[in-house]
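User: Hi! I have a new model open and would like to go through it with you. Could you take my questions as they come?

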Amino acid sequence: MSAAEWKKKCGTEWGLQGAPMPDSVDWKSVCEAKPLGRNLLKNPAPLGLDKDAPPPEPELPEVPGRGPPRFQPDGDFSSWTTSIEVLPYDSSGIPAGAVICALPQYSWFTLEQVVDLKAEGLWDELLDDFQPEIVIQDWYEESQLHESIYQLHVKLLGTDKSTVISEHTVNPSEELSTYSHNWKEVSHVFSGYGPGVRYVHFLHRLKNSFLNDFFPTLFTGSSVIVRPVKSSS
């Protein structure tokens, strides 16, 4: 196909009405990269779980484990940068003089990933002038471990990978008075964010607990999707 035909194919496929499509762009590469409407995060479910199936019930061992504390679930975390923050023991609710055999040790497990929008096939004029919607979605388990078990922080970054053009933070509190064990959805749409965005920095933190055994907060279905929809400022 000719360059003009590739350009027409891209425009038709994504319905990019009014989007700038300069001839200087390599439209064959853009069409083959399919940057619009697909998840740009790599390895979005590193624990191997599916949001369309209920989260697995925690397995309680017959004999408590005697090994060293664990602070990270099992999984394939390729494409993610991970880190662990072990939190100090919380004895605030314990009455004076009470004898404590063991306290849960909490930790935050952080996973982050940076999406290079141009490397994925998007082009300057689309990002700067059209400013397509950037849709964030994530799912985490109601693990009932603590009232704060999940945090999300997404930043839209400029060409230097450090200038923050727009950001969104989620830090929900869990309702522990009634038992519930489902996936909870977190989502956000970046719109009208201004010119200059070239990277998306996705970071989420899950709280885990260790008390004779390891109890994680699970997650799945993390996504960053650029939609062929013009931002409403």
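User: Before we start, what kind of model is this, and which residues count for local features?
Analyst: This is a predicted model, so local features need pLDDT of at least 70 and side-chain atom pairs count only at pLDDT 80 or more, while totals for chains, interfaces and linings use all residues. Residues are numbered from 1 along each chain as its sequence is written, and side-chain values use heavy atoms, with hydrogens and water left out.

User: Thanks! How many salt bridges does the structure hold?
Analyst: There are 13 salt bridges, each being a side-chain nitrogen of Lys or Arg within 4 Å of a carboxyl oxygen of Asp or Glu. As background, side chains of opposite charge can pair when their charged atoms come close.

User: Which residue does D23 pair with?
Analyst: D23 pairs with K7, and their closest N and O atoms are 2.8 Å apart. D23 sits in the loop between α1 (3-14) and α2 (27-33) while K7 belongs to helix α1, so this bridge ties together parts that are 16 residues apart in sequence. Helices here are DSSP runs of H or I with at least four residues, strands are runs of E with at least two, and both are numbered from the N terminus.

User: Is D23 buried or exposed? And what about K7?
Analyst: D23 is exposed, at 65% relative accessible area, and K7 is partly exposed at 24%. The cut-offs are under 20% relative accessible area for buried and over 50% for exposed, with partly exposed in between (1.4 Å probe, protein chains only).

User: What about K28, which partner does that one have?
Analyst: K28 forms a salt bridge with E32, with 2.9 Å between the closest N and O atoms. Both residues lie in helix α2, four residues apart, or about one turn of the helix. K28 is partly exposed at 39%, and E32 is partly exposed too, at 47%.

User: Now R198. Where does its salt bridge lead?
Analyst: To D124, with the closest N and O atoms 3.3 Å apart. R198 is in the loop between β6 (183-190) and β7 (199-210) and D124 is in helix α3 (residues 124-130), so the pair ties together parts that are 74 residues apart in sequence. R198 is buried, at 9% relative accessible area, whereas D124 is partly exposed at 28%.

User: Which residues are in a network with those two?
Analyst: The network of salt bridges links K118, D124, D128 and R198.

User: Let's switch to α1. Which of its residues are buried?
Analyst: W6, C10, G11 and W14 are the buried residues of α1. Looking down the helix axis, they fall within an arc of 135°, so they line one face of α1. That arc is taken from the directions from the helix axis to the C-beta atoms.

User: And what do those buried residues pack against?
Analyst: They pack against α2 and β9 (219-230), where contact means heavy atoms within 4.5 Å. A4, K8 and T12 are exposed on the other side of α1.

User: Nice. How many residues are in the largest nonpolar core?
Analyst: It has 49 residues, and those with the most contacts inside it are L16, L117, I134, I136 and V200. A nonpolar core is a set of buried Ala, Val, Leu, Ile, Met, Phe, Trp, Tyr and Cys residues joined through side-chain atoms within 4.5 Å.
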